[in-house]
Amino acid sequence: MSEAAAREFSVIGKSVPKIDARDKVTGRAKYTGDLKVTGMLIGKILRSPHAHARILSIDTSKAEKLPGVEVVITAKDVPSTFYGISPARYDETILAIEKVLQVGDKVAAVAALDEETAVKALSLIDVEYEVLPAVLDPLRAMDEDQPQIHPQYERNISVEIHQNFGDVEKAFQQSHLVRTDRFQGNRATHVPMEPHAAISKWENGKLTIWSSTQSPHYFQYHISRVFGLKMGDVRVIKPFVGGGFGGKLEPSAAEYVGAALAMKTGRPVKIVFDRREVFFHNRGRHAQTIELTTGVTKEGKILGVYGNYIIDGGSYTSLGIASAYYAGAMLPLIYEFDHFKFDCFRVHTNLPSCAAQRGHGVPQPRFAFESQLDMIAKELGMDPIEIRKVNARRPDTMTLNDLKVNSCEFTACLDKARKISGWVGKKGKLPPGQGIGIGCGGFITGAGYPIYRTRLPHAAAVVKVSEQGDIATLYIGAVDIGQGSDTILAQMAAEAIGINYEDMRIVSADTETTPHDFGAYASRQTLMSGHAVKQAGEEVRRQIIELAAELLEANVADLDIDRRVVFVKGSPEKMMPFETVANEFFIRKGPLMGRGSYTPPKLGGKFKGAAVGTSPAYSFAAQISQVEVDEETGQVMVTNVWDVHDCGTVINPDLLHAQVEGALFMGMGEAMYEEVVFDDKGKPLNANLGEYRVPTALDVPQVISELVDSYEPAGPWGVKEVGEGATLPTMGCYANAIYDAIGVRIYDLPLTPEKVWKAIQGKKKQS
Amino acid sequence: MATAIKKGKLHVATLTVNDEEHAALVKANTTLLDLLREEFDYTGTKKGCELGDCGACTVLMDGKPVNSCLVLAVEASGHSITTIEGVEQSGKLDRLQEEFINQAAVQCGYCSPGMILSGKALLMRNPHPTEREVREAIGGNLCRCTGYVRIVKAILAAAEANS
Amino acid sequence: MIIPEFEYVSPKSLPEACALLVQHGDSAKVLAGGSDLLVKMKDGLMKPAYLISLKNLDGLKAIRYQIGTGVIIGARATHNEVMNNSILQGKYRSVCEAAHSMAADQIRNIGTVGGNLVNAVPSADMPPILIALDAQARIVGTSRERTIPLEDFFFGPGKTVLENGEILAEIIIPDQPTTGSNYIKFGLRRAGALAVAGVASSVTVSDGACRDVRIVLGAVAPTPMRARQAENILRGKKISQELIDEAGRVAGAESKPISDLRGSIEYRRNLVNVLTRRSLKSAIEKGHV
């Protein structure tokens, strides 16, 4: 909504300070690794040095005898239940049973009195492996001569998708111009600053786990299933979380192995991954090989698109099944066209498992599409922004794959981005070696369907007002992983009730005390958890107004609440403080509480995979970057980035822009700096933060983040997502800017100085 | 129930932490990071990579930022250490901490202690830094959430307050 | 992560430290800053049974100027101490700039110049500029002291000429007629990055002619290497852009890089070419050393 409209609200639309900021800047905030529980043991995991090997024998006797070691476990000591995300792809176990499928796979574990003893014990475990040939190249994984990694996936095919909408062949025949280009994405990973960590406690038949988690609910669901416990006997508590980005959406060995060790010893067990283990666990970005064919009319209107992909899934399927569908599902979102074919193979390799990372499968296809659209524009003699305007999605339309778009201000984003970047004065007019380019994206605001089949609402909330009426506590299962959901949900609760932000307290998240929520992923919480919170707040408001009507002898319809005052509209002198009414409510009726829950409407088409990509709402963004290339070294300096977002109503402007800044920073890292690389035996060469290069404060451009006016009817107060949307345009944006600067196209990520230099050399040779 | 007993040769490490005298018996291979977190319960200092690449473990040693994961406790003995817990004074936040809050420079917060200490050390030796100098001062502190935008703003805002 | 156990000794004098090194031989390592050693130990690449800490040897920290000798940098000086030192800022500012280009603030407050030299990583940032300035290494052992050109200090990746019981005590930059010097490093991000290639040069220019020149390449050979053929292009000649360009080309050709995860042979040769050219130009035009 517009700024003017936002002014009519008391709490939302304001950049209030984060509710947890003080704890974080003083060091008081406790993350899982900071917690200590009486009697706690330290757990450590023995990991495979081989990418693919059969486990012939494990001798733990020496390790068991080391003083200070409480227990050593292998697969025989833990449930052999297979787990994963989709039941059809449950392919992982707590500890490897017959084979290890990647360097870093989990083989055995130790619980000891201290870390040093646990690490020593690991070195005393003797494992006999039969090393097997490994599958390391995703493009060859399906070949006949390749070893099969999982017994149930023939030719190492994890997921195979064939979708066909309309008639692409006919569309291409009717096109004035058809281009086919091949792009190669990079294997990247989340790098949350806080490594995975969990403390597991087994007491009286009940498991309690403190975990650095993005979803206590999903953790509770999976862990109870694997250990054969009822969900009520598994309590997952979320302390402060130091970043997730998709990598902490499912339990890792920190929880599974930790729980197993806790059960075996009867003592709490803490497992904290070291940075290498975070790389081994991974669940990060799939490297996608994309062959994209697009046909357009003479005016640049897209008629049809064919995407043919092979994506590297790594060892276990995990959330990767959804990633493969997302890679195609979002392609028809931001530009309108009617004919689309999508063939995708997600394959297994003996490398760390890939799953969901910010943007979930969509950034690399966007890189391909945005790059190709620029190439098409050039062939047609069209400006890159013009061709995008010709095709831009409009509001209240349906995509060809049955995704329902309500609000959409994509064209306004393009116009504004063009204006604030000075595009017209710069495009084609910058000195040699300098360039300007555009990339666009759009993303879901929460997934239409949960990760496992269930009829549970997607979010729920409870608000309890204190007996004195002076504060209110919001209980939610939604998870703040740094994006600020605690803050904005507290703002929403205060707004809905009619009290101040400072009066709010928040409890989040504990499966035993806070109501169900699916957690922080797919950019769902502002809309979905927000709906539940708004509903809960409004129920409190209704009860207060009812009682106040009695106390003030007024009509319910004439009453309102704002900033802790209940008053008669039009006669504000007829008023009562909120606390007074709330206190009176408690005296007469007991606890004053409000409840809310939210389930999205039934969305999506009927074809296979139709559920993926569905969402109550979609965000849109246009990003423009300006670059300077040192042609002699290939070094690219991104000097400025302008991002214009359509994300609906803004609850907290500072936090929103902070999300844009962070999201495009991650996009930048993947676009230019980051790649996980391995040796020819499948061992990671850069499983550390020295050689896996996350950009530093000296590497980042000046960022200008702006919004367009937008209101989303499906969102509480008109909200939409922003946390992932700004990662999507970046890779294409930079590739296009670099092309503008040096006249050469680079088709594979990351856009390193060496690649840019080689491209320049190649161009020189041709001319 | 048995709890950890230190085996092997122990050294006495005496250091001032946040203006308070501390002493501990430590093994030679104990890092300053582990001494602070496990012995003295200063869990505000974070473990991010343990190899000196991320800066989450930054503390000030005699006023200078160091990676506590790469300093042995025995080497730190005799020195004065400031952790994030020592930045606020008698419950009053340092201006820099206030600006981190005001400028929305804190997202997940895991890098924040290290960032604040690097920023504080900078402002102590250079009260009016340029933007470039701020970025250099935090060049060894990785952040995955913010893109550094508001962190730089916060440090510059705190410097403004110095004038 | 755990640092493997070791015996920790902190001798009170240099002779005591040398004696301990002789006593324990290969099972002992010197602990200066620790920013390299402790990382290697955590990664399981080194497991010394003894660490001989230099923490009490305050004499090794000083940076001073001695008439007749030159600037003397104690091996225990940290990179930030080098960077901020007023004597070096005045006489050899490019040494300060080289120290500044390393890693990040936190590492520069721990890591020492001596450590950077003794670890002898091919991509180390201090050796090239120091060698370009004809630096000498003073080495102290139990029975003798010796001062050798720093250029002769390295003989392979991770390998120096230090014999058992010897400690690098000081680096001496002798007084010299050099009119300008410069170190340029190319890394894959602007902090916390090893050099993909690094070039240091020092020149003595008078009347538009290059009386003397030293060009030292880092990260493109098993040790820091003098680009002698490139030097010969310039030495004794009138300076021109063509000659500088030629020197760059020759330096690139004579470098001996390998391909690794940071860069290919071809790309590194190109970097040497470009950086040599830029380093020379800067050294010539700078007007200070």
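This is a predicted model: local features need pLDDT of at least 70, side-chain atom pairs count only at pLDDT 80 or more; totals for chains, interfaces and linings use all residues.
**Entry 1: chain C overall.** I looked up the secondary structure of chain C and found eleven helices and 14 strands. I then checked the radius of gyration, which is 19 Å; the globule rule gives 19 Å for 289 residues, so chain C is as compact as a globular protein of that length. I noted the span of the C-alpha trace along the principal axes as about 60 × 45 × 30 Å. For burial, I found that 56% of the 289 residues of chain C count as buried. Of the contacts in chain C with a separation of 6 or more, 63% are between residues 24 or more positions apart.

**Entry 2: domains.** I read the domain assignment of chain C, which gives domain 1 (7-53), domain 2 (58-174) and domain 3 (180-286). The C-alpha centres of domain 1 and domain 3 of chain C are 35 Å apart.

**Entry 3: chain C against chain A.** I found 15 residues of chain C in contact with 19 residues of chain A. On the chain C side, helix H11 (residues 265-286) gives the most, with four residues. I sorted that side by residue type and got nine nonpolar, four polar and two charged.

**Entry 4: the core.** I looked up the largest nonpolar core, which has 413 residues. Those with the most contacts inside this core include Ala461(A), Ile544(A) and Tyr734(A). Helix H17 (residues 653-673) of chain A supplies the largest share of the core, twelve residues.

Conventions. Residues are numbered from 1 along each chain as its sequence is written. Chains are lettered from A and ligands numbered from 1 in the order in which they are written. Two residues are in contact if their C-beta atoms, placed from the backbone, lie within 7 Å. Helices (H or I, at least four residues) and strands (E, at least two) are DSSP runs, numbered from the N terminus. Ala, Val, Leu, Ile, Met, Phe, Trp, Tyr, Cys and Pro count as nonpolar, Asp, Glu, Lys and Arg as charged, and the others, Gly among them, as polar. Domain bounds come from an automatic or database domain assignment. A nonpolar core is a set of buried Ala, Val, Leu, Ile, Met, Phe, Trp, Tyr and Cys residues joined through C-beta atoms within 7 Å. A residue is buried if 20 or more other C-beta atoms lie within 10 Å of its own, exposed if 12 or fewer, and partly exposed in between; C-beta atoms are placed from the backbone. The radius of gyration is taken over C-alpha atoms; the globule rule is 2.2 Å times the number of residues to the power 0.38.
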